[in-house]
Structure formats: C-alpha cells, structure tokens
Amino acid sequence: MINTDVFDYINVLQKAADASSLRHRILSNNISNGDTPGFKRQDVAFEDDLKRALKNSRYRSLDNKVASVRLSRLKGTVYTDSEYVSYRLDGNNVDPDNENVELASNQAKYNGLVQSLDSEFKNLNMVLK
C-alpha cells in the first residue's frame, strides 16, 4: 500500500478487488465440491466490513470517509455458510445453481472494481501530465 492521501481510493478499491478475487476462488471451490459428501459451502465476508468502516465517519464527505478507513481491518474473511443446513442426505449444502449465480455476480463486481481502479490511475496520470 502507498501511504499518501492521493491513493486512498486506490487502496480501498484494491482491498475490495482482493476480496472479490478470494471470493471467486471460494465459490469455484464450492462448485468443485458440489458432489463431495459432507462438504459445507464457504463464502467471503467483506462488504459489511467496508460499510461499517465508512459508516463510522458519519457526517463527513466520502473523501474523508475513505481517507479514514483502516486498511488493516479490510480483509476478506472466509466463513462456512449454513454449517448446519444440508440440501442432500450426504450432508452437502452446495446448491450448484446458486453458486453459479453468485459467481456471475461476483465477476461483475470484480470487473467494476477493476474499471474503477483503471479510472483512478487514468485520473492520476492526467494530473501528472
């Protein structure tokens, strides 16, 4: 991470993209284990942490909120989802249709984050010229 106010948005966007990339790997793993007896689906928590980090600085501009985010607290956390729920007799709780929808949604989020990062770097490049 680069420690200057100029890169605040870039640093937060990078953390979000990293969490989205982790989520892609986790969702792909869920799909791969769709037929594994006893397998429990996993997911990644990130959005709530980001919302909480931005909400803590109420009545401030978005720039100030982003600048005050503690990047060390923004991590994608892997957790087991619906651990005690099973859709099948073998104890597996992976719904392949749901996983594919989540994977497509996550891909759209990741693409948006990459486009936002690209835009931020283009703005910096324009300022430097």
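Is N30 buried or exposed, and what is its relative accessible area? In this predicted model, N30 is buried, with a relative accessible area of 0%. The residue belongs to helix 1, the element that gives the most residues to the lining of the largest pocket. The chain holds four helices and two strands, and its radius of gyration is well over the value that the globule rule gives for 129 residues.

**Overall form**

- Along the sequence, the elements follow the pattern α-β-α-α-β-α.
- The radius of gyration is 18 Å, whereas the globule rule gives 14 Å for 129 residues, so the chain is more spread out than a compact globule.
- Taken along the principal axes, the box filled by the C-alpha atoms is roughly 60 × 30 × 20 Å.
- Buried residues make up 32% of the 129 residues of the chain.
- When contacts between residues at least 6 apart in sequence are considered, 76% of them join residues at least 24 apart.

**The largest pocket**

- The largest pocket holds about 290 Å³ of space.
- Its lining consists of 17 residues, and those closest to the centre of the pocket are A16, F46, E47, L50 and L113.
- At least two lining residues come from each of helix 1 (8-32), helix 2 (47-55), helix 3 (62-67) and helix 4 (96-128).
- Helix 1 makes the greatest contribution to the lining, with seven residues.
- By class, the lining comprises 12 nonpolar, two polar and three charged residues.

**N30 and D8, in helix 1**

- N30 lies in helix 1 and has a relative accessible area of 0%, so it counts as buried.
- Setting aside residues up to four places away in sequence, N30 touches F39, R41, Q42, V94 and E99.
- What is the relative accessible area of D8? The value is 15%, and D8 is therefore classed as buried, the cut-off being under 20%.
- With residues up to four places away in sequence left out, D8 touches V66 and A67.

**N123, in helix 4**

- N123 is found in helix 4.
- The relative accessible area of N123 is 35%, and this residue is partly exposed.
- N123 and K75 are 48 residues apart in sequence, and their C-alpha atoms are 26 Å apart in space.

**S82, in a loop**

- Where does S82 lie? S82 is located in the loop between strand 2 (77-80) and helix 4.
- The phi angle of S82 is positive, at about 50°, although this residue is not a glycine.
- S82 is partly exposed, with a relative accessible area of 35%.

Definitions and conventions:
Residues are numbered from 1 along each chain as its sequence is written. This is a predicted model: local features need pLDDT of at least 70, side-chain atom pairs count only at pLDDT 80 or more; totals for chains, interfaces and linings use all residues. Side-chain values use heavy atoms; hydrogens and water are left out. On a 1 Å grid over the protein atoms alone, a cavity is a set of points where a 1.4 Å probe fits but cannot get out, and a pocket is an open set with protein on both sides within 12 Å along at least five of seven lines; lining residues have an atom within 4 Å of a point. Grid points are joined across faces, edges and corners, and a volume is the space filled by probe spheres set on the points. Ala, Val, Leu, Ile, Met, Phe, Trp, Tyr, Cys and Pro count as nonpolar, Asp, Glu, Lys and Arg as charged, and the others, Gly among them, as polar. The radius of gyration is taken over C-alpha atoms; the globule rule is 2.2 Å times the number of residues to the power 0.38. Buried means under 20% relative accessible area, exposed over 50%, partly exposed in between (1.4 Å probe, protein chains only). Contact means heavy atoms within 4.5 Å.
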